Amino acid sequence: MYVVIGGGGKVGRYIAVDLISDGHDVTIVEQVEDRCEELLRDHDLLVIHGDACDVRYLEQARLERADVFVATTHDDDDNFVSCQLALTSFGVPRAISRVNSPRNEEIFKRMGIDAVSTTSLISRLIREEMTVGELIHLTTLRGGKANLVEVDVPFDAPPATKNLTEMDLPQESVIVCIFRDDGETVIPFGGTTLDPGDQVIALTTPELEEDLRAAILEGRRE
């Protein structure tokens, strides 16, 4: 399978490494030059320095040959545009996008884009050719009353002052794993602290989702 990924940050890098280990061909289109150099140095894949919202760079990636296009940036608008280009201009059979704001998921779905919000689930969607509906069915707990939530700690956030035990998380919530900006995956315990740039994957009820997000971000302050 040939997969083109728009965005070479920690999300795109994680997906690329996961797919390459399964024998798939991967190309990443990334705007940040230093990040491109890091990807080329550490991984055996094609990296194109450019904007995935620009047709020129998607042409360089031979997107018309791709089986799947994946948008992984922090910007939902950019992800939406690049996925639309993949579907309409290059005829890619499938577009999958990271959606950072839950409010945007419905818009993506209406345009035929598979919208997901956690890194590992994107990889699973590609490898197993699952639909988003099937994936939700597999990851739903307690009769649909639990959600997987993704919370990004800003890169300019201050250093952590509390560990997970000291944070005021909602009672029916648990932090499942943490993706570090350097590519490390952390299975947390009580003494774990959250660093700037961390992507936090947590489980909670729909009613407590916003409380959980607030607790993760506010819990880093005195």
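Among contacts in the chain (heavy atoms within 4.5 Å) between residues at least 6 apart in sequence, 63% join residues at least 24 apart. This is a predicted model, where local features need pLDDT of at least 70 and side-chain atom pairs count only at pLDDT 80 or more, while totals for chains, interfaces and linings use all residues. Residues are numbered from 1 along each chain as its sequence is written, and side-chain values use heavy atoms, with hydrogens and water left out.

Q: How many helices and strands does the chain have?

A: Helices (H or I, at least four residues) and strands (E, at least two) are DSSP runs, numbered from the N terminus. Here you get eight helices and 10 strands.

Q: What share of the residues is buried?

A: Buried means under 20% relative accessible area, with a 1.4 Å probe and protein chains only. In this chain of 222 residues, that's 48%.

Q: Which residues touch the most other members of the largest nonpolar core?

A: A nonpolar core is a set of buried Ala, Val, Leu, Ile, Met, Phe, Trp, Tyr and Cys residues joined through side-chain atoms within 4.5 Å. The largest one here has 22 residues, and V4, V29, L58, L63, F69 and V92 touch the most other members. Two or more residues each come from β1 (2–6), α3 (55–60), β4 (68–71) and α4 (76–88). The largest share, three residues, is from α4.

Q: What does L58 touch?

A: Leaving out residues up to four places away in sequence, L58 touches A52, L63, F69, L85 and F90. Apart from this core lies another of 16 residues, including I15, V26, L39 and I96.

Q: What lines the largest cavity?

A: On a 1 Å grid over the protein atoms alone, a cavity is a set of points where a 1.4 Å probe fits but cannot get out; lining residues have an atom within 4 Å of a point. Here the lining is K10, Y14, F179, R180, G183 and E184. The space inside is about 40 Å³, a volume being the space filled by probe spheres set on the points, which are joined across faces, edges and corners.

Q: Which residues are closest to the centre of the second largest pocket?

A: A pocket is an open set of grid points with protein on both sides within 12 Å along at least five of seven lines. The second largest pocket has a volume of about 350 Å³. Of its 27 lining residues, G7, E30, R35, T73 and H74 are the closest to its centre. Elements giving two or more residues to this lining are α1 (10–21), β2 (25–30) and α4.

Conventions. Buried means under 20% relative accessible area, exposed over 50%, partly exposed in between (1.4 Å probe, protein chains only).
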